[in-house]
Amino acid sequence: MTYWHGIEKQFYMNTFKRMPLTIVQGQGNRVWDEQGNEYLDFTAGWAVNCLGHCHPVVVSAITEQAKTLMHTSNQFYTIPQLKLAELLVQNSCLDRVFFSNSGAEATEGAVKLARRYGKLHLNGAFNVITALNSFHGRTLAMTAATGQRKFQEPYTPTPDGFINVEYNNLDAIKKATNDNTCAVMLEPIQGEGGVNVPDDSYLKQVRNWCDDKSIVLILDEVQTGIGRIGSLFGYQQFGIEPDIITLGKGLGGGFPIGAFLAKENVSVFAPGDHGSTFGGNPLACATAFATVNFIIEYDIPNNVKEIGEYLTAHLDKLKNKFNFIVEIRGRGLLQAIQFDGDWSDHIARSCLERGLLINAVKPNAIRFIPPLNITRGDVDEAMKIFEGVLSHIGNE
Ligand code: PLP
């Protein structure tokens with residue numbers, strides 16, 4: 001055990017199952033440890049470092065804004081916040097935004113907005129239907145929204161008002177809908193749940209159902225948003241317009257920020273209904289503005305589409321080669337490979353030893369969530385290491 005691993009063991013809450021690596025520096029899609037060993041990073045800080053580590057545009061936005069104005073409060077107007085609001089609204093189908101500091105706060109805020117809408121326009125309806133295997137964050141209410149028992153069980157009783165139903169199953173949503181339902185909240189593709197892609201028609205059907213019942217459709221785009229699946233927002237690939245979306249992760253290019261955006265008719269908050277001390281602060285907003293502006297200007301989602309297909313082709317080849325690979329799934333640069341056994345931890349550690357960082361999203365599945373501006377060469381390099389590790393597994 002290294003010195004820092006010992007310090008963590010002694011002083012940090014026992015919450016994370018960490019890999020045996022202390023990262024001290026990052027640049028582009030590479031990171032380095034204390035000994036100067038280099039790693040190709042296909043985890044991007046859990047889908048956060050969308051332009052890689054320390055991208056000049058992100059660094060310069062942070063530096064300039066830090067020298068100008070880091071924080072005041074939402075008692076006053078600040079320009080970076082309003083510029084980011086304008087940019088996100090003008091490039092989406094939504095009309096208004098609220099900024100938070102994380103994805104969980106964004107989804108929590110979105111649910112509060114839907115409940116407020118229910119109170120004002122749906123006779124007090126408050127239930128939110130979410131999906132099994134979903135992930136919406138770690139606040140107490142969002143563990144109830146998250147349809148995975150393992151996140152709920154340690155904290156029961158979790159807050160009321162969330163019904164978890166099967167993903168990719170419209171009938172399950174229909175059955176769960178009643179007069180108390182104010183919203184359905186779904187990820188366009190489930191990320192933490194193992195990268196589960198629904199049928200093409202699913203979100204359209206859910207949209208129609210929400211319209212029929214006059215209830216709110218929230219898409220949690222904390223993971224799928226900001227170019228991750230090959231369009232600026234995930235909903236754009238499913239032919240629908242949601243009433244609310246949530247953002248986080250890649251929004252700040254590595255700096256913490258979250259957001260939820262809503263259509264005008266659903267934006268029913270009045271002063272005092274919601275708020276945040278740090279949410280929408282100038283430093284985070286200037287950084288997110290620079291990040292999103294760059295992503296739009298350089299059409300990064302198009303690179304994601306192209307490189308994503310290239311990655312899929314590589315993974316498909318591996319599937320043909322190794323019979324213990326069960327499935328390749330995902331879109332853009334949110335992809336997973338599933339095995340017929342629980343080998344992902346072992347595989348991730350072996351990749352680490354060979355200089356590649358990947359994420360064991362499930363005991364039997366590896367997730368690929370690299371920076372969005374990677375090249376074919378990066379994919380070739382990662383796949384060479386990955387294939388080497390799999391060959392080894394095959395021989396064990
Ligand atoms: N929603 C989705 C879809 C996520 O993937 C995550 C995090 O993985 C969250 C919400 C929570 O975001 P955060 O960890 O920033 O609170």
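Predicted model: local features only at pLDDT ≥ 70, side-chain atom pairs only at ≥ 80, totals over all residues.

Trainee: Which residue has a polar side-chain atom 2.8 Å from an oxygen atom of the ligand?

Mentor: Phe135 may be set aside, as a polar atom of its backbone is 3.3 Å from a nitrogen atom of the ligand. Glu192 does place a side-chain N or O atom by an oxygen atom of the ligand, but at 3.4 Å. The residue with the 2.8 Å separation is Gln223.

Trainee: Is α3 roughly parallel or antiparallel to α10?

Mentor: The axes of α3 (residues 56-68) and α10 (residues 282-297) come within 9 Å and cross at roughly 150°. Because angles over 145 degrees count as roughly antiparallel, the relation of α3 to α10 is roughly antiparallel.

Trainee: How many charged residues has the contact of α3 with α10?

Mentor: In α3, the contact involves Val57, Val58, Ala61, Ile62, Gln65 and Ala66, which meet α10 residues including Pro282, Leu283 and Phe294. By class, 10 residues are nonpolar and 3 are polar, and the number of charged residues is none.

Trainee: What is the handedness of the crossing of α4 and α10?

Mentor: Helix α4 (residues 79-90) packs with α10 at about 30°, the axes being 8 Å apart. The crossing of α3 and α10 is right-handed, whereas that of α4 and α10 is left-handed.

How values were computed. Residues numbered from 1 in each chain as written. Heavy atoms only, no water. Axes fitted to C-alpha atoms, helices over the stretch in contact; angles between N-to-C directions. Helix = DSSP H or I, 4+ residues; strand = E, 2+ residues; numbered from the N terminus. Parallel < 35°, antiparallel > 145°, perpendicular 65-115°, else oblique. Left-handed = near helix turned anticlockwise from the far one by under 90°. Contact = heavy atoms within 4.5 Å. Nonpolar A, V, L, I, M, F, W, Y, C, P; charged D, E, K, R; others polar. Polar contact = N/O pair within 3.5 Å; in protein donor to acceptor, adjacent residues only side chain to side chain.
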